[in-house]
Amino acid sequence: MDVIKLISVNNDGLKNEALNIYLKNDYYFSKISDNPPSISNVEEDIEAIPNGVQKNQKNYRLISFNDEILGVVDYLTDYPEKIILIGLFIIKSDKQKQGLGTKIFRYLEKSFKNKKFLKIRIGVLVDNEIGLSFWKKQNFKEIERKFLKFEKSKKEVIVMEKEI
């Protein structure tokens, strides 16, 4: 039986674990920045919340799979009401294409459903072919497209949603 845990990132050691995940996912980060990720990117991601969102709605977690830290998930609860917004879901690139992301996502989905959330929403960069393929396999459907600011440039994002 696989054991999946979400670990709150609340000290420098865990921030460095998150940075390690970022550095091992250069495919995604090369799409949003010309510079490699740094500890300040991790700290910004931990702190970043949209206007009107309460701190207790923000969940930035390391993902542990059978006692090995494999990824990061960053999500907001009730954004809007009864909807989870996943802002970041990354797995180390050397652990991709093995079904682990799907197992972890199913764990998250079940957890959200048990907490009475109705939908999960995500935004995927148009040119993130790996991400788009993954989310389509999880039965997410496109609901709109918009441009969001990443560092110094705007990028087109496909907003996708799934009922749970």
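Which side chain makes a polar contact with the side chain of Asn-59? The partner is Arg-61, at 3.3 Å, where a polar contact is a pair of N or O atoms within 3.5 Å; within protein, one must be able to donate a hydrogen and the other to accept it, and residues adjacent in sequence count only if both atoms are side-chain atoms. Before we go on, note that this is a predicted model, in which local features need pLDDT of at least 70 and side-chain atom pairs count only at pLDDT 80 or more, while totals for chains, interfaces and linings use all residues. Residues are numbered from 1 along each chain as its sequence is written, and side-chain values use heavy atoms, with hydrogens and water left out.

Let us stay with Asn-59 for a moment. Asn-59 sits in strand β2, residues 58-65; helices (H or I, at least four residues) and strands (E, at least two) are DSSP runs, numbered from the N terminus. The side chain of Asn-59 also reaches the backbone oxygen of Gln-57, at 3.1 Å. Asn-59 counts as buried because its relative accessibility is 9%; buried means under 20% relative accessible area, exposed over 50%, and partly exposed in between (1.4 Å probe, protein chains only). Leaving aside neighbours within four places in sequence, Asn-59 is in contact (heavy atoms within 4.5 Å) with Val-73, Asp-74, Tyr-75 and Thr-77.

Strand β2 also holds Tyr-60, which is buried at 4% relative accessibility. The C-alpha atoms of Tyr-60 and Tyr-75 are separated by 6.5 Å, although these residues are 15 apart along the chain. The side chain of Tyr-60 makes a polar contact with that of Tyr-22, at 2.8 Å. Beyond four places in sequence, the contacts of Tyr-60 include Ala-18, Tyr-22, Val-42, Asp-45 and Ile-46.

Those residues lead us to a pair of helices. Two packed helices are described by the angle between their axes and the distance between the axes. The axes of α1 (residues 12-23) and α3 (residues 39-47) come within 9 Å and cross at roughly 110 degrees; axes are lines fitted to C-alpha atoms, for helices over the stretch in contact, and angles run from 0 to 180 degrees between N-to-C directions. On the α1 side the contact is made by Lys-15, Asn-16, Ala-18, Leu-19 and Tyr-22, and on the α3 side by Ile-39, Asn-41, Val-42, Glu-43, Asp-45 and Ile-46. By class, this contact of α1 with α3 has six nonpolar, two polar and three charged residues (Ala, Val, Leu, Ile, Met, Phe, Trp, Tyr, Cys and Pro count as nonpolar, Asp, Glu, Lys and Arg as charged, and the others, Gly among them, as polar).

Asp-67, in the loop between β2 and β3, has a positive phi of about 65 degrees although it is not a glycine. Asp-67 is exposed, with a relative accessible area of 66%. The loop between β3 and β4 holds Asp-78, another residue that has a positive phi, about 50 degrees, without being a glycine. At 35% relative accessibility, Asp-78 counts as partly exposed. Pro-80 is found in the loop between β3 (68-76) and β4 (83-91), and the peptide bond from Tyr-79 to Pro-80 is cis, with omega near -10 degrees.
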